[in-house]
Amino acid sequence: MAELKNDRLLRALLREPVDVTPVWMMRQAGRYLPEYRDTRAKAGDFLSLCKNRELACEVTLQPLERYDLDAAILFSDILTIPDAMGLGLYFEEGEGPRFKKTIRTEADVAELAVPDATTDLDYVLAAVKEIRSALAGRVPLIGFSGSPWTLATYMVEGGSSRDFRHIKKMMYATPEVMHALLDKLAQAVIGYLNEQIRSGAQAVQIFDTWGGVLSGPLYLEFSLRYMKQIVDGLIREREGRRVPVILFTKNGGQWLEAMVEAGADALGLDWTSDIADARRRIGDRVALQGNLDPSVLYAPATRIRAEVADTLARFGSGSGHVFNLGHGIHQYADPEVVKIFVDAVHELSVPYH
């Protein structure tokens, strides 16, 4: 593997000194880029794009050609694991992901097999290898997975949901079935992320998109517990250096102290959290990632720079901050404006290091 030329991200995630604050964006390879839309059209549809290693590599690298980003993130989808479990993932225009089969009963859960990532998700691992090779040490590659709770919400609801009626019914009425499903998913995620690491991912993020819909005790029982199980099962050293793990629970700012105990190296914050408050509460126990509101990218350049400056000031001096948006970049963001954002992070963060 080529020597890493820019390791700011990995150093910041481990709270080691850096020259400037590293920056990447969730969903940085996506619909806001015209070149991404062209490649997706060439692939035919979203899933075909995910399953073509050359095209998945192409779109992963596209934002790096435009912007001075400090990381690439694997282009894939969080629902690859349920798809590999035989649920029949498909995408409806304007409706998002859907599954042909739902998981609602004890028998449904019992029938699920934990996928073998090397065979059932080999197309993802092929993409990781292709991307890592193409990067040639330019920046580190981040791998990822959805959290067990988040994957389960899609599997039980059959797709996106507004009220989470079916999964909350399962959780309250048959908690033992819910736990059985989450345990299988945790096993699947451990195997999947470890194979991504073996294939070349240098850091990994667990996306807990829907953990924030739970009440406090239930978040600990049904979401965080299984993310801790995953962190405990991950490869943490590879190629002579630590493989950092990032946990990101959307709307999870109230549980930061508990999240620290899960053992990850960094916690992602959405834009509803105050990064200064987060740092006060958990000190330097973990790095923090975030947390500009993605909608700031609709603002004029002066306002974008002001918001970046404010976030940097709120975090304060020292390492342990990875700048990111508080969630994925919006598809309607202007690609030209993104450069203003990325460059502002590097330029305005110099005095803090």
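These notebook entries record what I looked up in this predicted model.

I number residues from 1 along each chain as its sequence is written. The model is predicted, so local features need pLDDT of at least 70, side-chain atom pairs count only at pLDDT 80 or more, and totals for chains, interfaces and linings use all residues, while side-chain values use heavy atoms, with hydrogens and water left out.

**Largest pocket.** I started with its volume, which is about 1,600 Å³. A pocket here is an open set of points on a 1 Å grid over the protein atoms alone, where a 1.4 Å probe fits, with protein on both sides within 12 Å along at least five of seven lines. Grid points are joined across faces, edges and corners, and the volume is the space filled by probe spheres set on the points. Next I looked up the lining, meaning residues with an atom within 4 Å of a point. It has 43 residues, and Arg27, Arg31, Asp77, Phe91 and Pro97 are the closest to the pocket centre. Helix H2 (34-43), strand E2 (89-92) and strand E3 (96-99) are the elements that give two or more residues to this lining. E3 gives the most, with 3 residues. I take helices (H or I, at least four residues) and strands (E, at least two) as DSSP runs, numbered from the N terminus.

**Aspartate 83.** I found this residue in helix H5 (residues 80-87). Aspartate 83 is buried, at 17% relative accessibility. The cut-offs are under 20% relative accessible area for buried, over 50% for exposed, and partly exposed in between (1.4 Å probe, protein chains only). Leaving out residues up to four places away in sequence, aspartate 83 touches Lys51, Gly88, Leu89, Phe99 and Tyr123. Contact means heavy atoms within 4.5 Å.

**Backbone checks.** Glutamate 239 has phi near 55 degrees. It sits in the loop between strand E6 (237-238) and strand E7 (241-242), and is partly exposed at 44%. Asparagine 251 has a positive phi of about 60 degrees. Its loop runs between strand E8 (245-249) and helix H13 (256-260), and its relative accessible area of 35% makes asparagine 251 partly exposed.

I also noted a cis peptide bond from glycine 290 to asparagine 291, with omega near -5 degrees. Asparagine 291 lies in the loop between strand E10 (287-289) and helix H15 (301-315).
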